[in-house]
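Subject: Structure handover

Hi,

Here is the structure I promised to pass on. My notes on it follow below.

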Amino acid sequence: MADELLKEKNFVSIVLSFQNDEAVIGSFLQTVDVFLAGKFSAYEYILVNNGSGDASVPIIRDIAGKLSGSVTMLNLSYVHDRESAMFAGINLAIGDYIFEFDSLAISYEPEIIWCAYEKCLEGYDVVSTSPNKPIQLSSRIFYHYLSAITHNKMKLTTETFRIVSRRALNRILRSTGKMLYRKAMYNCSGFDVFNLKYEPLNKSDNGAEIALSDKVRSGLDILVSFSEVGLSVAANICFVFSVILLFVVGYTFFSYFTKPDIQPGWTTMMLLVSTGFFGVFFVLTIMSKYLTALLYELQDRPRYTYRSIEKLSQ
């Protein structure tokens with residue numbers, strides 16, 4: 001009874017999505033549960049089944065009754081991207097604080113989970129954790145560019161998991177946008193954000209890994225949603241064409257008055273037509289991306305669709 005009185009009374013939610021993670025899902029839940037049971041009086045697991053076709057679901061059903069926290073499994077109708085899958089689980093979470101695990105590989109001491117929670121109690125509404133090692137070059141370039149072109153200068157990095165306060169999460173969930181990126185949204189929320197570094201137990205730990213195709217698709221959506229890069233590119237192209245137009249006009253008049261025997265307009269016309277067609281199609285590509293995003297918002301399609309919700313334990 002004395003030990004129970006010393007445990008934290010805040011109710012926390014643990015949200016994670018899994019897809020063919022039979023090799024790690026069982027050990028992850030058992031390791032995390034042993035630690036949380038010693039720290040919190042009550043907590044819940046929201047497990048999002050993102051189209052798993054292996055033994056992940058049977059493993060979860062088998063160990064759900066052995067976990068101290070309540071277990072809810074959300075089965076999505078089809079395979080979603082990671083952000084949509086996580087938001088499906090986050091929307092079901094009822095905790096005062098919500099842990100979001102983007103990676104099921106535990107290459108850190110479980111005590112880091114408690115350190116992140118304590119940092120949140122200090123006043124930081126969003127606390128993320130990252131291995132204390134350089135991030136991949138492609139990710140570093142993308143984060144730097146995204147921060148540079150957005151109005152809010154964001155300090156983004158590769159993260160393993162994060163904890164979010166209920167008030168910060170409520171603000172995010174009120175967003176009507178469909179193209180969502182949690183890192184950017186939390187950084188732009190106005191709440192205090194802190195990144196907690198830890199020494200990885202496994203040197204190959206690079207945080208949550210994302211497939212290249214997902215990076216490209218998400219990157220395009222993020223640049224459209226969180227910046228005005230398309231408008232900036234279009235404006236710069238218009239400026240370049242203005243300079244070219246002035247040059248062509250000047251060259252045309254110069255040739256007309258100084259070289260009456262030159263084939264009139266050939267070089268100028270070829271330069272103008274070739275660069276003009278390239279510029280027009282480039283601008284159209286940017287505009288089509290924005291129109292696609294606008295159409296996606298106007299259609300008011302759901303961020304995710306799910307087939308069923310299973311309450312595996314109380």
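Strand β3 (residues 70-76) is mostly covered, with 7 of its 7 residues buried. Bear in mind that this is a predicted model.

The side chains of β3 split into two sets. Ser70, Thr72, Leu74 and Leu76 point one way, while Val71, Met73 and Asn75 point the other way. Both sets are buried. In a regular strand the side chains alternate between the two faces of the sheet.

The partner of β3 here is strand β2 (residues 43-49). The two run parallel and are joined by 6 bridges. Within that pairing, Val48 stands opposite Leu74 of β3. To get from β2 to β3 the chain passes through helix α3 (residues 56-63), and this β-α-β crossover is right-handed.

**The chain as a whole**

Some totals for your files. The chain has 314 residues, and 42% of them are buried. Its secondary structure comes to 11 helices and 8 strands. The accessible surface is about 17000 Å², and carbon and sulfur atoms hold 62% of that. Take the contacts with a separation of 6 or more: 85% of them are between residues 24 or more positions apart.

**Helix α4**

Helix α4 (residues 82-92) is also mostly covered. Of its 11 residues, 8 are buried. These are Glu83, Ser84, Ala85, Met86, Phe87, Ala88, Gly89 and Ile90.

What covers the buried residues of α4? The cover includes strands β1, β2, β3 and β4 (97-101). It also includes helices α7 (166-173) and α8 (182-187). So β3, itself mostly covered with 7 of 7 residues buried, is part of that cover, under the cut-off of 20% relative accessible area for buried residues.

**Salt bridges**

The count comes to 8 salt bridges.

The side chains of Arg162 and Glu100 meet at 2.8 Å, N to O. This pair links distant parts of the chain: Arg162 is in strand β6 (residues 161-165) and Glu100 in strand β4, 62 residues apart. Arg162 and Glu100 are both buried.

Arg162 has a further partner in Asp102, at 3.7 Å, N to O. Again the link is between distant parts of the chain, since Asp102 sits in the loop between β4 and α5 (111-121), 60 residues from Arg162 in strand β6. Asp102 is buried, as is Arg162.

Arg167 lies in helix α7 and Asp125 in the loop between α5 and β5, so the pair ties together parts that are 42 residues apart in sequence. Is each partner buried or exposed? Arg167 is exposed, with a relative accessible area of 52%. Asp125 is buried, with a relative accessible area of 6%.

Which residues are joined by salt bridges that share partners? One network takes in Glu83, Glu100, Asp102, Glu159, Arg162 and Arg182. Among them, Glu83 is one of the buried residues of α4.

**Thr129**

Thr129 lies in strand β5 (residues 126-131). Its relative accessibility is 0%, so Thr129 counts as buried. Which residues does Thr129 contact, leaving aside its neighbours within four places in sequence? They are Ile112, Ala116, Thr158, Glu159, Thr160, Phe161, Asn195, Leu196 and Tyr198. One of these, Glu159, also belongs to the salt-bridge network.

**At the surface**

Phe239, Val240 and Val243 form a nonpolar patch on the surface. Together these three have about 290 Å² of accessible area. Val243 is placed in helix α10 (residues 229-258). Why does Val243 count as partly exposed? Its relative accessibility is 43%, which falls between the cut-offs of 20% for buried and 50% for exposed.

Asn20 gets the same label: at 43% relative accessibility, Asn20 counts as partly exposed. Asn20 is found in the loop between β1 (12-18) and α2 (25-37). Check its backbone when you open the file. The phi of Asn20 is near 55°, a positive value in a residue other than glycine.

Best wishes

Definitions and conventions
Residues numbered from 1 in each chain as written. Predicted model: local features only at pLDDT ≥ 70, side-chain atom pairs only at ≥ 80, totals over all residues. Heavy atoms only, no water. Helix = DSSP H or I, 4+ residues; strand = E, 2+ residues; numbered from the N terminus. Buried < 20%, exposed > 50% of the residue type's maximum accessible area, 1.4 Å probe, protein only. Patch = residues over 30% accessible without salt bridge, like charges linked within 9 Å, V, L, I, M, F, W, Y side chains within 5 Å. Areas by Shrake-Rupley, 256 points an atom, 1.4 Å probe, with all protein chains shown as cover. Salt bridge = Lys/Arg side-chain N within 4 Å of Asp/Glu carboxyl O. Contact = heavy atoms within 4.5 Å. Pairing = 2+ DSSP bridges. Right-handed = clockwise from strand over helix to strand, strands pointing away.
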